[in-house]
Amino acid sequence: MPEFKSDFLRVLSERGFIHQTSDDAGLDEIFSRETVTAYAGFDPTAASLHVGHLTLIMMLYWLQQTGHKPIVLMGGGTGMIGDPSFKDEARKLMTPDVINENVSKLKTSFTRYLEFGDGPRDAAMVDNAEWLLQLNYVQFLRDVGRHFSVNRMLSFDSVKTRLDRDQSLSFLEFNYMILQAYDFVELYRRYGCTVQMGGSDQWGNIVNGIDLGRRMDEAELFALTLPLLTTSSGAKMGKTASGAVWLSEEMLSSYDFWQYWRNTEDADVGRFLRLYTTLPMDEIARLESLDGSEINEAKKVLATEVTAMLHGREAAETAAETARKTFEEGALAESLPTVSVNRSELAEGVGLLSLFVTAGLTTSNGETRRHVRGGAVRVNDETVSDDRRRVTEEDLTSDGVVKLSLGKKKHVLVRPE
């Protein structure tokens, strides 16, 4: 990796964000001499972003912190199609109402990381539906489509991978890369945006935008991609056995978010501290040098710092204290995740297997049964060996709840209502 003179690229380089650029020297030059406007796009495929998006969000954070202007591009238009990149099959098409609802919900995730406003360095949030949904198809083909070579489009890995597996690629999806390229041109024209940032899987789409800008407007545009991250064991970031690690508090509690980071593999602690926190590099070096049981302290710092950025310092410290009471003192922490059950159901007795599914600790009765046999299921800290056990009012603690536990780190309180 070259030695960069601009603050932005130097920070990204030392923290491990950079995978590839279209022009190292050219990018470094513009970031050194002027306030650069750069963007990253997010399609509204769900009601929340997840941890897999967090690296790109942190890239936007550092962009603004080093004096430049970030644009968050919401894919209200491209979301009507869906990005086919490296997918085995076409995304299920969403209705316009679902897309609009998702877009409005996604916006809240960015306010913790970026300062929005009308100033030259304030972040802007833009929806590509503004221009994509207004396009005249025939005119678009004449003005934009003529600049694309189908032969070249077929050569991109994101397309080749799908075709090499003999999986169909619809004409609808094939158009996605053209629309993404056109987004870059529109953002250049409207906001003077000259840099697109994205995951390494977006390289082909971003390069298309650079080429289209040159052909249509003689614009000098740049690409900057980050590596697609996996954990040391090969797991995809943002995915766990129980599902996605969402950024929305409505879809994942701040406690569970904190726990995800607390459970980081030892080999990933330093890397994640660099990518997902704003701690100084010398402090990160100290933390990642810890070994043995001391590495757990570094994991707690990682979990608290990442959670504080997303959910606020108070929520992060509450999650940390909840974990401490639960694991170190064995106490019943009131801030543990909670699920409600009808009091009349509890009076009759609720099957343990289904209750664990309701609590979100397992995904099926069969999975719960396997954990019972493995000795991982506890009710009020007592191991359960009978998968036919029922949970009743007699299980309520003096606090009026039932504590369900799966292993040592997953706990949910059941409250009657």
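Okay, let's start with arginine 274: leaving out residues up to four places away in sequence, it touches Glu14, Arg15, Phe17, Met281, Ile284 and Glu288, where contact means heavy atoms within 4.5 Å. Before I go on, this is a predicted model, with local features needing pLDDT of at least 70 and side-chain atom pairs counting only at pLDDT 80 or more, while totals for chains, interfaces and linings use all residues. Residues are numbered from 1 along each chain as its sequence is written, and side-chain values use heavy atoms, with hydrogens and water left out.

So where does arginine 274 sit? In helix α13; helices here are DSSP runs (H or I, at least four residues), numbered from the N terminus. Its side chain and that of glutamate 288 are joined by a polar contact of 2.8 Å. By that I mean a pair of N or O atoms within 3.5 Å; within protein, one must be able to donate a hydrogen and the other to accept it, and residues adjacent in sequence count only if both are side-chain atoms.

Next up, threonine 277, in the loop between α13 (269-276) and α14 (281-288). Buried or exposed? Buried, with a relative accessible area of 0%; the cut-offs are under 20% for buried, over 50% for exposed and partly exposed in between, using a 1.4 Å probe and protein chains only. A polar atom of its side chain lies 2.6 Å from the backbone oxygen of leucine 273, and one lies 3.3 Å from the backbone nitrogen of leucine 279.

Last one: valine 138, in helix α6 (residues 137-143), is exposed at 55% relative accessible area.

Conventions:
Helix = DSSP H or I, 4+ residues; strand = E, 2+ residues; numbered from the N terminus.
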